[in-house]
Structures are given as structure tokens and as C-alpha cells.
Amino acid sequence: MDETRQQDNPSAHRSFHAEEYAPAKGPGRTVSKEEAGNPHGRPSKSTGKRGEEQKKGSGDQGMHDLGPKGRSGRPSGTKDASATTGVAPQDPPGTRSGG
């Protein structure tokens with residue numbers, strides 16, 4: 001029979017009952033003049049487009065949307081040679097690579 005015994009640990013009791021044992025809160029810190037107000041400066045206006053807006057107007061050449069696929073509804077599509085950035089990309093006649 002394995003007899004294990006847990007040691008008494010009075011600091012564990014103090015840790016979980018801080019309201020009884022912890023000292024009172026101090027005055028806190030003083031906020032400097034530089035930190036007061038908005039410490040990160042003035043917010044700037046974003047000029048970028050959201051992903052949805054980028055896709056609407058982009059019309060990626062060589063990319064072909066096939067709509068949602070499977071139960072997950074993930075977007076799917078294909079691409080042809082014009083979507084490749086290689087030296088003299090070539091498409092075999094009548095085929096597209098999956099992508």
C-alpha cells in the first residue's frame with residue numbers, strides 16, 4: 001500500500017486568502033505629464049481597403065472563381081498561365097491548374 005502524505009503548507013493558505021493577510025494597497029503611481037491625455041498621439045485615418053473591398057474591384061487576371069466548395073462553403077477556384085509570374089508561363093491547351 002502506497003502511503004503518501006501532503007505536507008502542511010501555511011503559505012498556500014495565505015496565498016488564497018489575500019484579503020486576510022495582504023497589506024493594504026498603496027497610493028498607486030503618479031501619471032506623468034507626457035502620459036496624460038492620449039499617450040499614443042493622434043489617431044490617423046486609414047487609407048487601406050478591407051479585404052472584401054479589395055476583392056470586389058481587383059479582377060485578378062488569370063484567376064477564376066468557382067464559388068463555394070463542399071459543406072464548409074470555402075471559396076474555390078483555378079488559375080491559368082496569365083496568373084503566374086514566371087518567365088514565359090505557358091498553359092497547356094484547354095487546361096488550368098488547380099489553385
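Q: What percentage of the 99 residues in the protein do buried residues make up?
A: A residue is termed buried under 20% relative accessible area, exposed over 50% and partly exposed in between, with a 1.4 Å probe and protein chains only. The model is predicted: local features need pLDDT of at least 70 and side-chain atom pairs pLDDT 80 or more, whereas totals for chains, interfaces and linings use all residues. Residues are numbered from 1 along each chain as its sequence is written, and side-chain values use heavy atoms, leaving out hydrogens and water. Of the 99 residues in the protein, the buried share is 6%.

Q: Which element of the protein has the lowest mean pLDDT?
A: pLDDT is the predictor's confidence in each residue, from 0 to 100. The protein has a mean of 76, and 75% of its residues reach 70 or more. Among its elements, helix H2 (residues 18-21) has the highest mean, 89, while the lowest, 54, belongs to strand S3.

Q: What pattern does the protein follow along the sequence?
A: Helices (H or I, at least four residues) and strands (E, at least two) are DSSP runs, numbered from the N terminus. The protein has three helices and three strands. Read along the sequence, their pattern is α-α-α-β-β-β.

Q: How many bridges join strand S1 to strand S2?
A: Strands pair if DSSP finds at least two bridges between them. S1 (residues 63-69) and S2 (residues 74-79) run antiparallel; Met63 stands opposite Lys79, and His64 stands opposite Thr78. The number of bridges joining S1 to S2 is six.

Q: Which residue takes a positive phi in the hairpin of S1 and S2?
A: Four residues lie between the two strands of this hairpin. The residue with a positive phi, near 70°, is Gly70.

Q: Which residue has its backbone oxygen 2.8 Å from a polar atom of the side chain of Ser76?
A: Ser76 is found in strand S2. Leaving aside neighbours within four places in sequence, its contacts (heavy atoms within 4.5 Å) include His64, Asp65 and Leu66. The backbone oxygen 2.8 Å from a polar atom of the Ser76 side chain belongs to Gly67.

Q: With which residue's side chain does the side chain of Asp80 make a polar contact?
A: Asp80 lies in the loop between S2 and S3. Its relative accessible area is 16%, so Asp80 is buried. A polar contact is a pair of N or O atoms within 3.5 Å; within protein, one must be able to donate a hydrogen and the other to accept it, and residues adjacent in sequence count only if both atoms are side-chain atoms. At 3.0 Å, the partner of the Asp80 side chain is the side chain of His64.
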